[in-house]
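The entries follow the order in which I checked them.

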Amino acid sequence: MPIFKPFIALAAVGFVSACAFAPNGSDGFPEIGIGGNDRTVSVADAGLASMLDSVTTRDGILIYSYFTDVVGDGRVIAGADIHCGGAGEALVTRVEGSRDGRGYNTMLITCKIL
């Protein structure tokens, strides 16, 4: 059942993203990960970029994956807000998991409509 949790969360975020716009990216910031259609994804928060395990984008949803012993959820949410333009601007869904015996979370991010 744990393998299905990310798919359930993606379906939920897909519904939420109908009410949000896709981020435009953050040119000039460190690049990490590969987005849909082989697009490079930039992380707007340069301090957060090196702490993330992977960053991808799919259907207008930014996806940060990270080990919880490297970076905490609060720091990742703060980075998502920076990406979306300010405090409280990111809509996030957190999927808890583990990888290699370590806590490993995935955060699905869309930005609020201005």
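Entry 1. I note at the start that the model is predicted.

Entry 2. I looked for disulfides and asked how many the count comes to. The count comes to 1 disulfide. I found that cysteine 84 is joined to cysteine 111, with an S to S distance of 2.0 Å. I recorded that this pair links distant parts of the chain, 27 residues apart. Cysteine 84 belongs to helix 3 (residues 73–84), and cysteine 111 belongs to strand 7 (residues 102–111).

Entry 3. I looked up the handedness of the link. The angle about the S-S bond is -75°, and the link of cysteine 84 and cysteine 111 is left-handed.

Entry 4. Are cysteine 84 and cysteine 111 buried or exposed? I have both cysteine 84 and cysteine 111 down as buried.

Entry 5. I turned to valine 95, which lies in strand 5 (residues 90–95). Its relative accessibility is 12%, so valine 95 counts as buried, the cut-off being under 20%. I also took the C-alpha separation of valine 95 and asparagine 105, which comes to 5.6 Å. Valine 95 and asparagine 105 are 10 residues apart along the chain.

Entry 6. I then listed the largest nonpolar core, which has 17 residues. Leu52, Val55, Tyr64, Val76 and Ile109 have the most contacts inside this core. The elements that give two or more residues to the core are helix 2 (46–49), strand 4 (61–67), helix 3 and strand 7.

Notes: Residues are numbered from 1 along each chain as its sequence is written. This is a predicted model: local features need pLDDT of at least 70, side-chain atom pairs count only at pLDDT 80 or more; totals for chains, interfaces and linings use all residues. Side-chain values use heavy atoms; hydrogens and water are left out. A disulfide is a pair of cysteine sulfur atoms within 2.5 Å. Helices (H or I, at least four residues) and strands (E, at least two) are DSSP runs, numbered from the N terminus. Buried means under 20% relative accessible area, exposed over 50%, partly exposed in between (1.4 Å probe, protein chains only). A nonpolar core is a set of buried Ala, Val, Leu, Ile, Met, Phe, Trp, Tyr and Cys residues joined through side-chain atoms within 4.5 Å.
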